[in-house]
Amino acid sequence: MSNAKAYSAASATSPLASDTIERRDLTEQDVQIEILFCGVCHSDLHMVRNEWSVAPTVYPIVPGHEIVGRITQVGSAVTKFKPGDLAGVGCMVDSDGTCPQCKAGLEQFCPNMTLTYNSPDKHLDGVTYGGYSDSIVVDQRFVLRVPSNLDLAGVAPLLCAGITTYSPLRHHGVTKGKKVGVVGLGGLGHMGVKFAHALGAHVIVFTTSPDKKEDALRLGADEVVVSRNLDEMQQHVNSFDFILDTVAANHDINAYLNLLRLDGNITLVGAPPKPLEVAAFSLIMGRRNLSGSNIGGIAETQEMLDFCGEHNITADVEVIPIQQVNEAYDRLLKSDVKYRFSIDMASLKSE
Ligand code: NAP
Ligand code: ZN
């Protein structure tokens, strides 16, 4: 075992603070990664504050599942990487590899999937620790290749915000000629806009923050609707093929269901802690579909990263030292992020 520097939270009400954790010795399939940047996902905040009753938090928690770094060591059977290579790790670090979902490349739905943090650790006592740390040891099957032409601070968020938006857009056939909505212009939302635009769709952003309008257009939106303006909303009734809802807090989903055309689909990727109320008539009228989506499989995550390499897509990031992570969480709650915080892990050296 080796020690790693990290930031952890000791309880739902404690701030994140400097800590030392253990990482396992490499098995033959493992790689060790020096973490260079880690994105700050709103899921980190939900988990640190124990907001999801379906996934109670075990403390101390070391969050972080948007990891990019450089391989420092490889196990004897590793063929995919060598020391010095760039590497990415997202929300998962293991799965059983034998269930139908794993065989279909949908590891994110494996009943025995291991999350990057706060899942029972198969190798060490306790739970897995995530990317707010200077290093991590991961099975090569769950490590992604990173295109060499992209800015690394902006690559880190692709590992969760990127794949979580890319996957449902692809699954629901978003392409040229489709009218696509993205609700919420935060970490996930701004990636959803970039991907939907790159796929050729007509993209409309729904935001509660009128001051994000210009940014939305710059990021690739064709139109912007301030969702609190009912007149603006009304103009789009019965017209969308697909809407991606990335909102992290309680909101009125019926207002968006009513904007879908016949057989249209709205997919929730945002995960508000409390249930949303759905009016039956919002679905019945127009045979509309309400669905959800969870990150994406490993092969699809690689496809997304390669797509980003080809199209020069990264997240728009505000790079912060880890010492500012608690402040970043406060700003996330105010929808004040443009559009993802990316932690420069070199800042951990001074701890
Ligand atoms: P984020 O950066 O905080 O963005 C969320 C955005 O939602 C905000 O920027 C804001 O955009 C909008 N919003 C916030 N409060 C709102 C409210 N009360 N009403 C309406 N809109 C509101 O969060 P994120 O990192 O993108 O994550 C978003 C959600 O996705 C979180 O719940 C997270 O846990 C979840 N998530 C799910 C998956 C998955 O696999 N399904 C993966 C990652 C994250 P505007 O200012 O534009 O209104
Ligand atoms: Zn995430």
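Which strand gives the most to the lining of the second largest pocket? The answer is β8, with 4 residues. The model is predicted, so local features need pLDDT of at least 70 and side-chain atom pairs count only at pLDDT 80 or more, while totals for chains, interfaces and linings use all residues. Residues are numbered from 1 along each chain as its sequence is written, chains are lettered from A and ligands numbered from 1 in the order in which they are written, and side-chain values use heavy atoms, with hydrogens and water left out.

**The second largest pocket**

- The volume of the second largest pocket is about 350 Å³. A pocket is an open set of points on a 1 Å grid over the protein atoms alone, where a 1.4 Å probe fits, with protein on both sides within 12 Å along at least five of seven lines; lining residues have an atom within 4 Å of a point.
- Among the 21 residues that line this pocket, Arg24, Asp121, His123, Thr128 and Val137 are the closest to its centre.
- At least two lining residues come from each of β2 (17-23), β6 (92-94) and β8 (135-139). Strands (E, at least two residues) and helices (H or I, at least four) are DSSP runs, numbered from the N terminus.
- By residue class, the lining comprises 7 nonpolar, 5 polar and 9 charged residues. Ala, Val, Leu, Ile, Met, Phe, Trp, Tyr, Cys and Pro count as nonpolar, Asp, Glu, Lys and Arg as charged, and the others, Gly among them, as polar.

- Asp30 belongs to strand β3 (residues 30-40). Asp30 counts as buried because its relative accessibility is 1%, where buried means under 20% relative accessible area, exposed over 50% and partly exposed in between (1.4 Å probe, protein chains only).
- The side chains of Asp30 and Arg24 are joined by a polar contact of 2.9 Å. Such a contact is a pair of N or O atoms within 3.5 Å; within protein, one must be able to donate a hydrogen and the other to accept it, and residues adjacent in sequence count only if both atoms are side-chain atoms.
- The Asp30 side chain also reaches the backbone nitrogen of Asp139, at 3.4 Å.

**Aromatic rings**

- There are 5 aromatic pairs in the structure. Rings of Phe, Tyr and Trp (its six-membered ring) pair if their centres lie within 6.5 Å; planes under 30 degrees apart count as stacked, over 60 as edge-to-face and the rest as tilted.
- Phe206 and Tyr256 make an edge-to-face pair, with 5.2 Å centre to centre and 80 degrees between the planes. This pair links distant parts of the chain, 50 residues apart: Phe206 is in strand β11 (residues 202-207) and Tyr256 in helix α8 (residues 254-257).
- Both Phe206 and Tyr256 are buried.
- Tyr166, Phe195 and Phe307 are linked into a cluster by ring pairs.

**Backbone features**

- Most residues other than glycine have a negative phi, and most peptide bonds are trans.
- Tyr59 and Pro60 are joined by a cis peptide bond, with omega about 0 degrees; Pro60 lies in the loop between α1 (42-48) and β4 (67-74).
- Another cis peptide bond joins Lys338 and Tyr339, with omega about -15 degrees.
- Ile295, although not a glycine, has a positive phi of about 30 degrees. Ile295 counts as buried, at 8% relative accessibility.
- Asn312, also not a glycine, has a positive phi of about 60 degrees. Asn312 is exposed, with a relative accessible area of 56%.

Key. Points joined across faces, edges and corners; volume = space filled by probe spheres on them.
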